[in-house]
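Student: I have a chain to go through and would like to work from the model by question and answer. Can we start with the surface and then turn to the contacts inside?

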Amino acid sequence: MEQHSGNLIIATNIFVEHWLSVIRDKSTPTSIFRHYSDLLSREIITAIGEELDTERLSITTPLSIHKTKRIKEEMVIISILRSGIAMTGEALKLFPDSPVGIFGLVRDEKTAVALEYYWNLPLINNKKTVLIIDPMLATGGSIHHVIGKIIPKNPKKIIVAVIVAAPEGIEKILTDYPEVKIYSCSIDKKLNSKKFIVPGLGDFGDRYFGTG
Ligand code: URA
């Protein structure tokens with residue numbers, strides 16, 4: 001894989017490793033899978049904080065005036081169905097005012113090509129920072145497709161947050177869109193012949209939604 005280390009950020013620590021080890025385990029039941037996936041979603045979305053503009057301000061606590069900082073960024077969250085739903089709740093906890101755009105993409109199981117069946121986007125312009133959420137960056141087809149729809153709207157920044165990424169998907173996105181930043185909790189080894197991430201965790205949507 002080409003090195004794009006500037007635009008690829010792996011946010012890891014012992015909690016991330018622990019939580020990942022639980023959701024990778026095929027014997028983990030749905031309730032625990034959901035719990036640890038939510039923690040990982042929160043962790044990776046928190047990690048994008050370093051990309052965000054801030055403003056200095058003074059606030060008044062019950063005891064004194066206090067100089068502090070707040071995030072000053074007009075965020076737009078883009079959630080890719082189905083698995084992106086699993087990250088949306090955590091994204092909205094961190095960005096409670098942000099509009100959410102939805103892309104409905106389904107992966108053709110034979111070709112692994114992303115087919116669009118639904119989309120609904122809020123206003124995106126050069127003041128908006130777009131955060132695309134999807135837990136698994138495998139071939140990169142879906143995320144690539146979504147970025148292609150968003151770039152013409154000229155956003156201030158595009159950030160992709162995933163839980164597990166394959167080298168193939170990272171390569172595809174960062175080669176075609178070098179302005180995009182990818183945040184992931186892990187870079188796994190490879191894709192298998194069915195375009196699943198190895199070691200991965202199987203079908204994220206099936207495991208999170210209990211449909212497997
Ligand atoms: N989507 C998943 O849910 N799992 C993979 O391994 C690849 C894509």
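Student: Which residues form a nonpolar patch on the surface?

Tutor: Bear in mind that this is a predicted model. The patch has about 470 Å² of accessible area together. Its members are Val106, Val113, Leu115, Tyr117 and Tyr118.

Student: Which strand gives the most to the nonpolar patch?

Tutor: Leu115, one of the patch residues, has its place in strand β6. Leu115 is partly exposed, with a relative accessible area of 43%, and patch residues need over 30%. With three residues, the strand that gives the most is β6, residues 114–120.

Student: Which residue does Glu116 form a salt bridge with?

Tutor: The closest N and O atoms of the pair are 3.5 Å apart, and the cut-off for a salt bridge is 4 Å. Glu116 lies in strand β6 and its partner in helix α4 (residues 141–150), so the bridge ties together parts that are 33 residues apart in sequence. Glu116 is partly exposed at 28% relative accessible area. The partner is Lys149.

Student: In the salt bridge of Glu51 and Lys157, how many residues apart are the two?

Tutor: The two side chains meet at 3.9 Å, N to O. Glu51 sits in the loop between α2 and β2, whereas Lys157 belongs to strand β9.

Student: Is Glu51 buried or exposed?

Tutor: The relative accessibility of Glu51 is 8%. Buried means under 20%, whereas Lys157 has 24% and is partly exposed. Glu51 therefore counts as buried.

Student: Which residue in β3 is the bridge partner of Arg56?

Tutor: Strand β2 (residues 54–60) and strand β3 (residues 65–71) run antiparallel and are joined by seven bridges. A hairpin of four residues connects β2 to β3. Within this pairing, the partner of Arg56 is Lys69.

Student: Which residues of helix α3 are buried?

Tutor: Helix α3 covers residues 85–94. Its buried residues pack against several elements, including α2 (30–47), β4 (74–81) and β5 (100–107). Those buried residues are Ala86, Met87, Thr88, Glu90 and Ala91.

Student: Which residues are linked with Glu90 in a network of salt bridges?

Tutor: Glu90 is one of the buried residues of helix α3. The structure holds eleven salt bridges. In the network, Glu90 is linked with Arg42 and Lys93.

Key:
Residues are numbered from 1 along each chain as its sequence is written. This is a predicted model: local features need pLDDT of at least 70, side-chain atom pairs count only at pLDDT 80 or more; totals for chains, interfaces and linings use all residues. Side-chain values use heavy atoms; hydrogens and water are left out. Patches are made of residues with over 30% relative accessible area and no salt bridge: like charges are joined within 9 Å, nonpolar side chains (Val, Leu, Ile, Met, Phe, Trp, Tyr) within 5 Å. Accessible areas come from the Shrake-Rupley method with a 1.4 Å probe; for residues, only the protein chains shown count as cover. Buried means under 20% relative accessible area, exposed over 50%, partly exposed in between (1.4 Å probe, protein chains only). Two strands pair if DSSP finds at least two bridges between them. Contact means heavy atoms within 4.5 Å.
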